[in-house]
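Please keep the sequence and the structure in view while reading.

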Amino acid sequence: MRDDIPTGIASEISGGAGVEQRHDSARKHVTGQARYIDDLPEPAGLLHVQLGLSARAHARILALDLDAVRSAPGVVAVFTAADIPGANDIGCMLRDDEPLFATDTVRYHGQPLFAVAAETRAQARFAVTRARIDYQDQEPVIDLTRARAAATRVWPPMTLARGDAAAAIAAAPRRLSGRLRIGGQEHFYLEGQIALAIPGEDDEVTVLSSTQHPSEVQHIVAHILNVADNAVTVEVRRMGGAFGGKETQANLFAAATALVAKATGRAAKLRPDRDDDMAITGKRHDFEVDYTVGFDDDGMIQGVSYLFAARCGFAADLSGPVTDRALFHCDNGYYYDAVTASSDPLMTNTVSNTAFRGFGGPQGMVAAERVIEEVAFALGLDPLTVRKRNFYGTTSRNVTPYHQVVEDNILPELVAELEHSADYAGRRAAIRAANAASPWLRRGIALTPVKFGIAFTATAYNQAGALIHIYKDGSIHLNHGGTEMGQGLYTKVAQIVAAEFQVDIERIRITATTTGKVPNTSATAASSGTDLNGKAAQQAAQTLKARLVAFAAASGGVSEDDVVFLPNRVRIGARETPFATLVSQAYLARVPLSATGFYRTPKIHWDRAVGHGRPFLYFVYGAAISEVTVDTLTGEYRVDRVDILHDCGRSLNPAIDRGQIEGGFVQGMGWLTTEELWWDSAGRLRTHAPSTYKIPACGDRPAVFNVRMIEGRPNREDTVFRSKAVGEPPLMLAISVLHALSDAIASVGDHRLCPRLDPPATPEAVLAAIESVRQRTGPPPEP
């Protein structure tokens, strides 16, 4: 398998792999011409669907009176669980775990109870308010304190262990323990959840769904309708953002519209309001992490134990794999001599939490960095010094808590390069001096690393398919199982195909993902979209190239080695032929010009029961330095400067990768600072709209934002052109902001105590941490 991008691509064809090719929909995005599901012309007779939601977090349903709903203006039909021809189940992990419509018991505030189909959206929205529901209230379990007391789990816990952590901690010269609380996060995709179902002949239905996982939507819809998967076609051209929130959460909306469409014989569309969307759909998991660490006087960690308790919500969803991945990343870039890490996926009467960019990994890394910070403050050391002393090695100290050997570690040299190029030491000294002269405004700085594993830990998901047609005129039709949510996957895969055929990217037609062309697709998630679908498309292209080479050699009377693909042409012996001409000749000679491609990730395996294996093909590395200023009177702050050095292997598209790094960082910064989810004691989500839930605004972007990709470090594994995944890892670079804030807060107490700043570090939380440091440290020592 060739490792290098084909010679000449970057300079002689338009849009090959390795160049800064503009996103295929970029112009459409900024001009409003990109068509999302709600922008499409509405089919004749379209019905608008709305969901009737529970007004309790935990209660028995004594009576559900929908007569007034049915008689409301414009209502065509009303659907409850009794109207489902198949199974009332949209769960992705366990059977009968998550109903489409609740029946006897409601288990979270906002749980769907019924659906209304009406002639207009306004009529449907009005009708759902007419329902009369009698409840018998039951005590809800809302927060982690009560969930830990109840100890009801949605999935079996997992433990990772290497060595005897308890003994190592007990024998260590120094020990400390603590509890870290990590908040959740709303996905806040720009395009909300939406589905449009169009009934077909017999038992067929086509669903246009804003989903990252078309094949799962296909299966869930078939399950609801009691038909075979082949009766359901799911299509996705693009999503207006997803971030994991459309991996399983789209199932509900697709299933409801398909149910309406098949029952009425009319097309049906469901687009909830933002408030309902936020109430109905799952979030990033919030955690409580208990940790104990033993270490020596140099800051070397000798043993550590973690317990990750997660608020999972009322159903399993993806909480098992999410909490598993938190454990997989509780080491971040650090080697532990002995370690025990356990998960506790707890049931609560809140919406079932789900995938979110990083999939538990960010929470694991936040815990790892808190432990490093605690050790540093205990010893009076720069946290960066403790970080570097505990980094994984290369030939030794290189085994993870799950017993995978780290074979590609570039973190020490990457951090050293960033530390030097961004003048970390000089800036830190200047900040200390400035703080000494500033009574109220305090600055802080931190450098934090990232080591993130790439692959689905569910091994079966590590596969992908692609389909390529070459038409007689030399134009190319490309389809694969990955979905486009703004991250540039479609563009990158097209670049790969252009590189293989050595043709301009304009010759390639990117087409919507559909289960009718590529079956059994995996979710576009786990940062693996390009790794999987790019490899599958590359394999399909190579199959077609081999056919064209064989034909050209035979017709030209030369050996196959004498057939060479050049930019937009093919050399056959001594003569050159335009690509389109060769294709036309191959068609006339009845050479098949359509091929599928398939890829399965090699080397990976995982045994959850024993906590051993190689769940990841490789790791992505990165580091960020963040600098902040905090107003100690109000807790308000700004991010002044960020410097990032990130590992993309051999980048397929530096422009898109840079955008992913910047966007991921800002989203991570929002999670760790301004974005706070708040449920009241009755289980009602109070932060359910932009007015109460604060994502980063344009003005929150760092004033100075320097992003570089490390050069000369191609992926050691056989990924497509030795590139690396870029979707999730940059989000964790924002942990540097949290620790820069902590550094600024610690200056109030002369850096004598760890502030233990829990995310989200809202201004209120920062101010509380400042006051806590002042109270715990007392007046500064006499000079």
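Which residues are linked in a network of salt bridges? The network is made up of R148, R179, R181, E288 and D290. The model is a predicted one, and the rule for salt bridges gives a count of 49. Side chains of opposite charge can pair when their charged atoms come close.

**Domains and the interface of domain 2 and domain 3**

- The domain assignment divides the protein into domain 1 (2–31 + 463–600), domain 2 (46–139 + 187–280) and domain 3 (286–457 + 608–777), each of them given as two segments of the chain.
- Between the C-alpha centres of domain 2 and domain 3 there are 36 Å, and the contact of these two domains draws on 26 residues from domain 2 and 28 residues from domain 3.
- The area buried between domain 2 and domain 3 is about 2200 Å², with 63% of it on carbon and sulfur atoms.
- On the side of domain 2, R107, F188 and M278 together account for 24% of the area buried against domain 3, which is more than any other three residues supply.
- Across this interface of domain 2 and domain 3 the rule finds 0 salt bridges, whereas 9 residue pairs, both members at pLDDT 80 or more, are in polar contact.
- Sorted by class, the residues of domain 2 that touch domain 3 are 11 nonpolar, 8 polar and 7 charged.

- E374 is found in helix α11, which covers residues 361–379, and a relative accessible area of 6% places E374 under the 20% cut-off, so E374 counts as buried.
- Apart from neighbours within four places in sequence, E374 is in contact with L176, Y291, C754 and R756.
- The side chain of E374 has a polar contact of 2.6 Å with the side chain of Y291, and another polar contact, also listed at 2.6 Å, with the side chain of R756.
- E374 and R756 also form a salt bridge, in which the closest N and O atoms are 2.6 Å apart.
- Because E374 lies in helix α11 and R756 in the loop between α19 (735–746) and α20 (763–777), this pair ties together parts that are 382 residues apart in sequence.
- From the C-alpha atom of E374 to that of V497, 123 residues away along the chain, the separation is 49 Å.

**Two further salt bridges**

- E413 and R713 meet through their side chains in a salt bridge of 1.9 Å, N to O.
- R774 and E771 meet in a salt bridge of 3.1 Å, N to O, and both lie in helix α20, 3 residues apart, or about one turn of the helix.
- R774 has a relative accessible area of 28% and is partly exposed, and E771, at 33%, is also partly exposed.

- S527 lies in the loop between β20 (513–514) and α16, and S527 is buried, with a relative accessible area of 13%.
- The side chain of S527 makes a polar contact of 2.7 Å with the side chain of E728, and E728 is one of the residues that S527 touches when those up to four places away in sequence are not counted, the others being F452, I454, A725, G727 and P729.
- T530 lies in helix α16, which runs over residues 529–556, and T530 is buried as well, with a relative accessible area of 14%.
- Leaving aside neighbours within four places in sequence, the contacts of T530 include L489, K492 and I496, and they also include L652 and V720.

Methods: Residues are numbered from 1 along each chain as its sequence is written. This is a predicted model: local features need pLDDT of at least 70, side-chain atom pairs count only at pLDDT 80 or more; totals for chains, interfaces and linings use all residues. Side-chain values use heavy atoms; hydrogens and water are left out. Domain bounds come from an automatic or database domain assignment. Contact means heavy atoms within 4.5 Å. Buried area is the accessible area (1.4 Å probe) that two parts lose on being put together, summed over both. A salt bridge is a side-chain nitrogen of Lys or Arg within 4 Å of a carboxyl oxygen of Asp or Glu. A polar contact is a pair of N or O atoms within 3.5 Å; within protein, one must be able to donate a hydrogen and the other to accept it, and residues adjacent in sequence count only if both atoms are side-chain atoms. Ala, Val, Leu, Ile, Met, Phe, Trp, Tyr, Cys and Pro count as nonpolar, Asp, Glu, Lys and Arg as charged, and the others, Gly among them, as polar. Helices (H or I, at least four residues) and strands (E, at least two) are DSSP runs, numbered from the N terminus. Buried means under 20% relative accessible area, exposed over 50%, partly exposed in between (1.4 Å probe, protein chains only).
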